Amino acid sequence: MNNRFTRRQTLKLIGAGLAVSILPSMPIFAANNERLHKRYSGDKKLPVIGLGTWRTFNVGSDPQLLDARAEVVRAFFELGGGMIDSSPMYGSAPDVMGHALQQLGIPDNLFSAEKVWSPAGGSAKEQVADLQARWQVDYFDLVQVHNLTDWREHLAALREMKAEGKIGHIGITTSHGRRHSEFEQIMTSEELDFIQLTYNIAEREVEKRLLPLAEEKGIAVIANRPYNGGSLIQGLKRRDAPLPEWAEAECGSTTWAEFLLKFVVSHPAMTCAIPATSSVEHLRENMRAGVNPMPSASTREKMVRYIESL
C-alpha cells in the first residue's frame with residue numbers, strides 16, 4: 001500500500017478543491033474494483049456493495065475469531081470494496097475493525113462509516129474520538145446519528161466537526177422500518193449527506209416517500225438489512241425455493257444472495273448496501289452482486305412478483 005494517498009493528504013486535496021479531479025483516479029486496492037458498479041456520493045465513487053458489521057464482528061478478543069474477521073476484510077478490499085459501516089452499539093465490532101486494519105493496513109479506498117448515540121454517554125465529539133481510537137484511524141468518512149437518538153444535538157455537533165474537516169460526511173439512520181415519518185421530516189428540514197435505512201425485496205415501504213425524497217435532495221442512501229437479517233435467504237433455502245429460470249439472463253444472478261442484493265442496489269436512489277457476514281465465501285458471493293448485469297425496472301417488478309409467489 002505504499003505510494004498511495006493518505007487520508008490526511010486526501011483531506012488537504014479536498015480543501016484545495018482538487019478532490020473532484022483526483023479522487024476518481026486514485027490508485028485502488030485491486031484491479032477488479034473496476035468491475036464493480038459505483039455510485040457517486042459527493043466527491044467520491046462508492047462501490048454499491050459495502051460491508052456491515054452488525055452481529056458478525058462482535059467477537060470480543062478471541063484471537064482466532066479476530067484473525068478470521070481480518071480475512072473477511074482483506075477479501076472485501078481485494079474484491080474492490082469501499083464502505084465499511086459499524087456502530088458502538090455493535091459491541092466489540094469497532095475494536096475488531098481496528099484489529100483488522102492493523103493487520104492489513106488502511107487502503108485508500110476505505111470509506112469508513114460510524115455512528116453516535118446518546119445512551120453510550122458523552123458528547124458526539126467524545127464518541128467520535130473514542131471510536132477513532134477503537135478503529136485506530138484518525139478520520140471517519142461518515143458519522144451518522146444512530147436511530148435518531150438526540151438527533152438535533154448530535155447533528156449540530158457533527159456539522160461543526162465536518163466544517164472543521166474532522167469528519168467527511170454526516171447522516172442519520174433507522175432500521176426495521178421505524179420512525180419513517182420523523183425520518184422524512186428530518187430529511188426535509190436538515191442538510192444531510194447520507195441516510196441509512198432498511199430496504200430489501202420484502203420490506204419496500206421506503207420506496208413510497210424516503211427514496212424519492214433522497215433522489216430529489218441528492219442525499220446518498222445506504223441500505224441496511226438487505227437480507228432482512230438473514231431471514232430472507234434462510235427462508236428461501238428452507239423451502240428449497242428455486243431461482244427463477246430468467247435470473248441469470250436478466251439480472252446476472254446465479255444464487256439467491258446475488259438475486260436479493262441486486263434488487264436492492266439497482267434502485268436508482270440507492271448508493272450502497274451493507275450486508276454483514278463472517279464468511280469469506282459469503283463475502284465473495286455478496287461482492288458478485290455488484291457486477292453486471294443489473295436488473296431493469298421491469299425486471300425488478302418481476303423479481304418482486306416472483307418472491308411474493310413463493
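Me: Which residues of α11 and α12 meet?

Reply: This is a predicted model, in which local features need pLDDT of at least 70 and side-chain atom pairs count only at pLDDT 80 or more, while totals for chains, interfaces and linings use all residues. Residues are numbered from 1 along each chain as its sequence is written, and side-chain values use heavy atoms, with hydrogens and water left out. Helices here are DSSP runs of H or I with at least four residues, strands are runs of E with at least two, both numbered from the N terminus, and contact means heavy atoms within 4.5 Å. On that basis, the residues that meet are Ala257, Glu258, Leu261 and Lys262 in α11 and Glu285, Asn286 and Arg288 in α12.

Me: Why are α11 and α12 described as oblique to each other?

Reply: Axes are lines fitted to C-alpha atoms, for helices over the stretch in contact, and angles run from 0 to 180 degrees between N-to-C directions. Angles under 35 degrees count as roughly parallel, over 145 as roughly antiparallel, 65 to 115 as roughly perpendicular, and the rest as oblique. The axes of α11 and α12 are 8 Å apart, and the two helices pack at an angle of about 45°. The pair is therefore oblique.

Me: Which residues of α13 make the contact with α11?

Reply: The axes of α11 and α13, a helix of residues 297–309, come within 10 Å and cross at roughly 130°, which makes α11 oblique to α13. From α11, the contact is made by Trp256, Phe259, Leu260, Phe263 and Val264. From α13, the residues are Arg300, Met303, Val304, Tyr306 and Ile307.

Me: Which residue has a positive phi although it is not a glycine?

Reply: The residue lies in the loop between β6 (140–145) and α6 (151–163). Its phi is about 65°, and the residue is leucine 148.

Me: What is the volume of the largest pocket?

Reply: On a 1 Å grid over the protein atoms alone, a pocket is an open set of points where a 1.4 Å probe fits, with protein on both sides within 12 Å along at least five of seven lines. Grid points are joined across faces, edges and corners, and a volume is the space filled by probe spheres set on the points. For the largest pocket, this volume is about 840 Å³.

Methods: On a 1 Å grid over the protein atoms alone, a cavity is a set of points where a 1.4 Å probe fits but cannot get out, and a pocket is an open set with protein on both sides within 12 Å along at least five of seven lines; lining residues have an atom within 4 Å of a point.
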